[in-house]
Structure formats: C-alpha cells, structure tokens
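I set out to record what I looked up in this structure, one entry per topic. The entries follow the order in which I consulted the coordinates.

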Amino acid sequence: MQLERHDTDILILGSGGAGLFAALHAQRMAPEGTKVTLAVKGLIGKSGCTRMVQGGYNVALGKGDSVERHFMDTINGGKWLPNQDMAWKLCKLAVERIQELENEVGCFFDRNPDGTVHQKAFAGQTFDRTVHKGDLTGIEIISRLMEQVLKRPVEKLQEHRAIGLIPTRDGSALSGVLFIDMRSGGFRFVRAKAVLMATGGGPTMYKYHTPSGDKTMDGLAMALRAGLPLRDMEMVQFHPTGLLAGEGTRMTGTVLEEGLRGAGGHLLNGAGNRFMFDYADKGERATRDVVSRGIYDEMRKSNASPNGGVYISMAHLGPDFVAEKFNGMVKRCADCGFDLAGGRVEVVPTAHYFMGGVVVDADTRTAMEGLYVAGEDAGGAHGSNRLGGNGVANSTVYGGVAGDVMARDVAQVNGLREPNKDVLDGEIARAMHPLSRKPGPIQNLRTQLQDAMWDEVGVMRTAHGLKRGLDRIALVEDELMETGLASGNLAFNLTWHDWLNMRSLVDISQVITHAAIARKNSRGAHYREDFPDSGAMEDSAYTVAQMGKTGLEVSQLPVEFSIVRPGETLLGDDEPETLVEAAE
Amino acid sequence: MKHVAPGGSAQFENTLKVSVWRSDTDGYQTFLVPQQDSQTVLDIVTWIQQNDDPTLSYRFACRVGMCGSCAMMVNGEPRWTCRTHVSKVTQNGGLEIAPLRNLPVIKDLVVDMDPFFDKWVAAEGVFEPSLTRNDPIEVADPTTVQRQQADAAIECINCAVCYAACDSVAADPDYLGPAALNRAWSLVNDVRDAGGGPRLDAISGAGGCQNCHSMGSCAQYCPNDLNPTASIAGLKWETAKSWMKQGWLKW
C-alpha cells in the first residue's frame with residue numbers, strides 16, 4: 001500500500017465551529033509564512049454538527065445578565081462535575097466570540113424591535129441569553145465562518161479521514177496524523193508542529209441518534225489508542241424527541257426541536273394518553289433528561305406507538321399557529337411524509353451530544369505535546385450535562401483559543417518531528433484489516449451495536465445491563481474483525497469507511513460502558529436505576545478512562561472546585577436566583 | 001424493550017426500479033429496491049450500497065436538509081435527496097438518480113463542489129468587516145428595507161441545487177451562478193459590510209450578473225424557497241446605478 005507524505009505547520013482536523021475558528025485564529029496569529037492546513041472527513045463547512053444547531057448561542061450580553069450567572073447555570077446544569085476553569089473561560093470568552101461572529105465574521109443574528117440582539121429562553125438557565133438566527137443558527141454561523149476560511153490561504157484536505165495520531169519514536173510528542181484520502185483510497189501521512197483535533201464526538205453508536213452521519217467517534221478512538229486520558233465518558237445526552245420513522249430510513253433519530261414541548265406540545269403514549277405528569281410536575285416541560293426517562297419508561301411499559309416510541313401532538317395549539325411558529329420543523333416533517341402541525345408524529349429519545357472527551361486544560365493542551373483538542377472531542381466544560389446553547393459557544397470559544405495557542409506554540413518548535421514507524425505501520429495495517437477478510441454485511445453489525453447500546457447502556461442503566469452490554473459489544477467486535485469487503489476499488493469506498501466507522505464506534509462504546517459501570521450514582525445524563533441518588537455534591541468525582549498496559553483502566557478523580565464550591569454562588573446576595581419569568 | 005417491525009411486512013411487497021448513474025461504465029445501472037412507507041431518495045441510495053452494491057459512492061452528512069451535501073439529480077431534477085420522499089418523485093414505479101449537473105463528477109453520485117465554492121469567493125460572497133471583536137454589537141433596526149432584503153437572501157445552505165438547475169451556468173462555465181450572486185446581494189444590503197467596491201466589480205464583470213437571463217430555475221428549485229433570480233435582478237440594478245454614477249462623474 002502506497003503512503004504519500006505531506007508536511008504543514010498547523011494541522012486542524014474538522015470543520016465545525018471549533019475547526020473553522022481555529023483555522024481563522026491560527027492564520028491570523030501565527031508568524032508569517034506559517035502553513036495552516038484544514039483536514040475534514042467530508043466537505044469544509046458541511047460536515048459535523050455545529051451546522052445543525054437549531055437553538056442558538058448562550059452568552060451573557062443582556063442587561064442584568066453576567067458571566068458569573070452564565071457560569072453558575074453551567075455548573076448547576078453540569079451537576080458540579082464541570083472543570084470550572086474551562087466553564088469559566090467558556091462563559092467569559094463567549095462575549096468576545098459573539099462580537100467576533102457578528103462584527104468580523106458577519107453573522108446575521110435576530111434583533112429585538114429596538115435593534116438590540118434578541119436572546120431567547122432555553123431550558124435550565126436563569127436568564128434568557130440564547131442569541132440565534134431563527135431556528136437555523138448553526139447554518140448561519142458555519143456558512144459565514146466557511147466563507148472566511150475559504151477566502152484565506154488555508155490549505156484544504158477535504159474528504160480526508162484521520163485514522164491515526166502518530167507519535168514520535170520516544171512517544172514524547174505528536175509527529176503527525178495518518179489519513180485516508182477518501183477520494184483516491186490512498187494513505188497520506190501529514191506531519192505538523194501542532195495538531196488540533198476537533199472532529200466532534202457524536203454518540204452515533206445508539207439506535208436513535210441525532211448527529212451528522214459522518215460523525216463516528218474517530219477522534220476519541222484515535223486519542224484512546226494514543227494513550228490519552230478521556231474523562232466523563234459515561235455522559236451521553238439524550239434529546240427526548242427524535243423523529244421515529246421506522247427502520248431503514250436515515251430520518252429516524254433526527255431531532256424535533258425542544259421548542260415544541262416548550263410551546264405546549266403534548267406527548268402521548270400508544271393509547272393516546274398524556275403521561276409525562278406521571279413522571280414530573282412540569283410534565284412535557286421538564287428538562288431533557290427527565291422527559292427522556294419518562295418516555296423510555298412508558299415505552300418499557302408496552303405503552304408504545306406502532307414503531308416503538310410515543311407521539312408528539314401539537315394540533316391542539318392550532319395547526320396554523322404551529323405551522324407558522326415552527327415553520328422549519330413542520331416543513332421538514334411534511335417533506336418526509338408526516339403532519340406535525342395537524343397530526344401526531346412518532347418520537348423517541350435520541351442520543352444527541354457527548355459530554356465526555358479528551359482531558360485538556362483551558363488552553364486546549366493535552367497530555368501529548370503537539371496535540372490540542374477542542375469542541376465536542378474535549379471533555380470537561382459541561383460536566384454531566386450540557387445546557388442547550390452551550391454547545392456552539394463551547395466549540396467556537398475553544399476553537400479560537402486553540403488557534404491562538406497553536407500559533408504561539410509553533411513559533412517555539414524547531415522543526416517537524418519524525419514519526420514512530422512502527423505505530424504508523426500498525427495504523428495502516430489496522431485500516432487495511434477488512435480488505436483481507438471475506439466480504440459481509442457491515443450494516444447488520446452496526447444495527448447490532450446500536451441495539452446493544454440502546455438496550456443496555458442507554459437512557460437508564462443497571463450494573464447487570466451494563467455487563468450484558470459489554471458482552472454484546474464484544475460479540476459485535478469479534479464478528480466485525482471477521483467481516484471484510486472487496487478491495488478492488490478503494491476510491492470513495494463508503495463500505496470501507498462503514499467498517500472503519502464501526503471500528504471507532506465499538507472502541508468508544510466499550511469505554512462508555514466501562515465508565516458507566518464505574519459511576520455508581522446518577523448525575524445529569526447518567527442514570528443508574530440501581531443507584532438513583534446523585535451522591536453528595538462536595539464529594540463529586542469524574543471518571544477518567546485510559547488505555548493501560550493491560551487494557552482499559554477507569555479511575556475516579558475528585559472535582560477541583562477551583563472557583564466555587566457546592567452550596568456557594570458567585571452571584572451577589574441581592575441578585576435573584578432566576579431572572580426568567582416562570583412559564584405559565 | 002418492545003420491538004415492532006416498522007409498518008408490518010406488507011411494505012416489502014412493492015419494489016422500485018432505480019436507475020443509478022455509475023462512473024465506471026459511464027451509464028446507468030438498474031437496481032430493484034424494496035419500498036417502505038418512510039423512505040427518502042437518500043434511503044434508496046443507502047439501501048443499494050448497504051444491501052446490493054457496496055461499491056456505490058454518494059455523499060451525505062446531516063440527513064435533515066441543513067448541510068447541503070446530498071443533492072443529486074432525481075428524474076432529471078436537482079433535489080436534496082435527504083428531504084425528498086420517494087412517493088413524491090416516483091414515476092412509473094421507478095426513479096433515475098444521477099450526480100448533480102454542472103459540476104465535475106468524482107465518482108458515481110459524488111461531485112466536486114470546489115468550483116461552486118470558488119465562485120462564491122470570486123463573487124466576493126464573503127463579509128468584509130468594519131468593526132472588531134472588541135466592539136459591542138451594534139443596534140440594527142430589523143424593519144429597514146436593507147436589513148429585510150439581506151435577511152430574505154441569507155438562509156442559503158450552499159447545496160448547489162440552484163447551480164445545477166441553471167441553464168446559464170450550463171452554457172457558460174465561467175458564470176458565477178445563482179448561489180454566489182445571491183450571497184453577494186445579501187452582502188450588498190448588509191450595512192455592516194465594508195467590501196462594496198470589489199464586490200461590485202466582481203458581480204458586474206465578465207462572469208457576473210449580466211449572464212443571468214431570468215429564466216428562474218434557481219428560484220423554482222431552491223428547497224429553501226429563496227429567490228436568487230430576484231437577488232440577481234437587484235445586482236443588475238446596483239450595477240446600472242454605479243455605471244450611471246460613473247458616467248455622470250466623467251461627464
């Protein structure tokens with residue numbers, strides 16, 4: 001197998017909010033002549049999930065709001081597990097970043113009648129602080145960022161799939177990244193002085209999931225193999241209302257927006273009855289995790305709709321009102337054959353966001369010199385739960401930070417580092433493994449993995465189920481390693497990439513399950529039926545998973561309350577707990 | 001957990017005859033695909049790759065009409081395949097699926113979108129700042145005509161459906177095309193933007209707005225209901241105004 005070599009100075013993996021911001025900042029801040037390369041699994045600006053943000057961007061801009069308040073909401077939302085330095089920097093720099101987005105990048109955000117920026121309400125926050133562009137905020141942010149990047153002298157490696165982080169021979173630093181050039185099917189090794197991994201997590205190993213189809217945990221799987229510590233890996237956020245359109249369609253799992261419940265939408269079980277008040281005082285308006293568990297429990301009681309979920313019903317609000325207020329959602333459903341405005345649409349909880357990720361510091365640096373991580377690949381900012389509107393804030397804030405930091409750091413690096421040839425060869429062999437195996441149906445294995453994760457490592461977990469989950473994942477892994485594909489033509493060979501996607505998903509599924517076994521309490525997105533208590537906040541610990549000499553090791557480290565301790569607040573005595581008017 | 005087969009087994013009684021363009025043979029290959037109640041054109045292409053021919057190449061990402069990666073020609077018309085229900089486009093129990101028109105093919109149903117984006121940049125479809133990240137966000141009256149015109153053109157996801165639909169692009173490969181010019185029009189109306197001069201040169205030059213013959217295919221096919229034809233008409237008027245102004249000054 002031929003291996004092409006390529007060199008650059010700063011290499012960025014991913015073109016969501018983090019990757020594009022890193023490219024802009026690195027290009028602006030690096031010494032003259034520094035080469036910046038952007039590599040992406042799909043097309044620039046089109047892959048990843050920032051693009052798919054419907055809600056908006058949390059930032060303390062409004063009169064009466066403060067960085068302190070945004071920070072406290074983030075800490076409370078994350079149930080005291082966030083890395084506080086990261087959460088603080090997220091909230092603080094969001095202010096500058098939103099100004100950069102509006103003033104320099106050219107984003108067009110919605111305004112109030114008086115011309116100030118409109119900020120809408122989002123669950124779990126004590127101030128209406130979510131800046132948005134209708135319900136398509138992500139498209140606006142990514143389209144504008146993409147233009148800025150395309151205009152600049154940034155080298156593009158599109159449809160380049162990263163498959164291995166290659167360290168130096170002594171393992172002390174990163175040499176570069178091994179790719180498959182998907183268009184040709186060949187391997188390309190790119191050396192760089194600094195590499196940002198911003199490929200986005202994306203829990204697509206669940207039967208129902210919202211993220212973009214290109215996201216398959218490749219980044220975290222590479223980091224795991226490279227020996228990096230991963231934190232909070234049990235924390236998978238489920239969105240309560242994913243579209244349920246049956247098997248055999250990529251529509252299933254895609255998200256129906258939060259606002260439908262907020263506006264007064266009803267959830268009905270298979271018999272047509274509302275059920276959420278059996279689970280929560282706020283009914284359908286309870287938080288994402290509570291509603292997801294309510295729906296899941298109702299499904300388990302065999303009160304399910306024909307495809308095995310529940311219904312969302314909006315018609316009582318008036319079909320015309322619904323069609324006007326939720327135009328995009330109604331149109332999307334109509335295109336796919338469903339009447340959201342006047343009828344019932346089947347929904348199911350769907351894996352949405354991954355809070356876990358690589359252990360980084362607030363400057364995006366990792367344990368490996370030369371490797372930086374930002375966005376959904378990085379763990380710590382959200383703890384056990386991410387607030388709606390903090391995702392895009394996180395990726396854009398830390399993408400920019402990474403660009404600035406890498407630009408500074410590469411000035412101190414003398415030259416490109418030589419790779420460990422054995423690791424490089426090993427990664428190539430790993431990717432070529434299926435080419436020498438008998439061709440077989442890979443999608444069946446994906447379905448088996450997704451069923452196992454949904455059944456055993458999903459919305460509600462038990463020790464018994466998690467152990468069963470490990471067994472089921474292991475069976476899938478064994479079969480995957482014996483399943484191959486024809487090697488005749490590797491150019492744009494999606495089936496090869498389906499196999500590689502599975503390889504990454506299996507690895508990270510195992511880590512999620514082990515971390516979920518280790519956490520014997522219920523915090524945020526992680527719910528253990530056998531340990532329903534949250535545990536004392538003062539004793540909060542986060543899980544760290546790392547590949548050791550004998551296999552995966554999971555440890556628990558105490559949360560460092562570096563800014564505020566449980567029971568304390570950064571808000572002044574005279575400041576009210578919430579500035580959001582209670583929903584009627 | 002209760003598992004229920006989607007819609008029962010009756011849905012597999014019908015099959016669709018699907019002709020898919022293949023680059024190795026430079027022609028169409030026919031597949032028989034089981035029909036389902038919930039099924040998009042993207043699902044059809046996916047089924048073929050996963051169940052019949054693992055070498056079929058296509059591109060998709062978001063699955064919900066937000067990324068603009070999956071547009072193809074379906075029965076000769078450009079469409080987002082992820083948001084096109086099969087029942088709406090089937091003709092005589094069949095479908096014909098081909099790569100997007102007016103762009104070079106990489107393989108099978110995958111096109112190279114670089115020319116499309118190169119033109120986006122060539123049309124100066126890129127915001128040019130007048131303020132910095134250290135300035136507070138300015139007050140902007142949402143009811144002004146300019147802001148509303150900028151807004152009306154802005155929700156483009158750069159899927160290139162309009163570009164594929166455009167006969168002027170087909171006739172003149174140097175024509176910037178509807179999406180790039182629509183973006184330029186949005187920026188012409190954006191009072192925050194400082195890139196007016198070069199943009200006017202770009203859109204009034206050789207590949208610019210004068211190439212549009214107002215045939216309206218872009219507006220007809222835009223899945224987001226944008227109207228690039230109207231945006232380009234606006235650019236033509238801006239160009240005419242600037243020529244009149246220049247003529248006036250010279251005179």
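Predicted model: local features only at pLDDT ≥ 70, side-chain atom pairs only at ≥ 80, totals over all residues.

Entry 1, strand pairing. I looked up β1 (residues 15–22) and β5 (residues 94–98) of chain B and found them paired in the parallel sense over four bridges. Strands pair here if DSSP finds at least two bridges between them; helices (H or I, at least four residues) and strands (E, at least two) are DSSP runs, numbered from the N terminus. I noted that Val18(B) has Leu95(B) in β5(B) as its bridge partner.

Residues are numbered from 1 along each chain as its sequence is written, and chains are lettered from A and ligands numbered from 1 in the order in which they are written.

I traced an open, mixed sheet of five strands in chain B, in the order β2-β1-β5-β3-β4. Its edge strands are β2 (27–34) and β4 (77–80) of chain B, each of which pairs on one side only. Neighbouring strands of this sheet are turned by 35° against each other on average, direction ignored; the axes are lines fitted to C-alpha atoms, and angles run from 0 to 180 degrees between N-to-C directions.

I found 10 helices and seven strands in chain B. Its C-alpha atoms fill a box of roughly 75 × 45 × 30 Å along the principal axes.

Is Leu100(B) buried or exposed? Leu100(B) counts as buried because it has 24 C-beta neighbours inside 10 Å. I located Leu100(B) in the loop between β5 and β6 (105–107) of chain B. Leaving out residues up to four places away in sequence, Leu100(B) touches Ala71(B), Met72(B), Met73(B), Pro78(B), Val111(B), Ala160(B) and Ala164(B); contact requires C-beta atoms, placed from the backbone, within 7 Å. From Leu100(B) to Ser204(B) I read 104 residues in sequence and 27 Å in space, C-alpha to C-alpha.

Chain A and chain B each give 60 residues to the contact. Elements giving two or more residues on the side of chain A include α3 (84–105) and α14 (494–518) of chain A.

Definitions and conventions. Contact = placed C-beta atoms within 7 Å. Buried ≥ 20, exposed ≤ 12 C-beta atoms within 10 Å, placed from the backbone.
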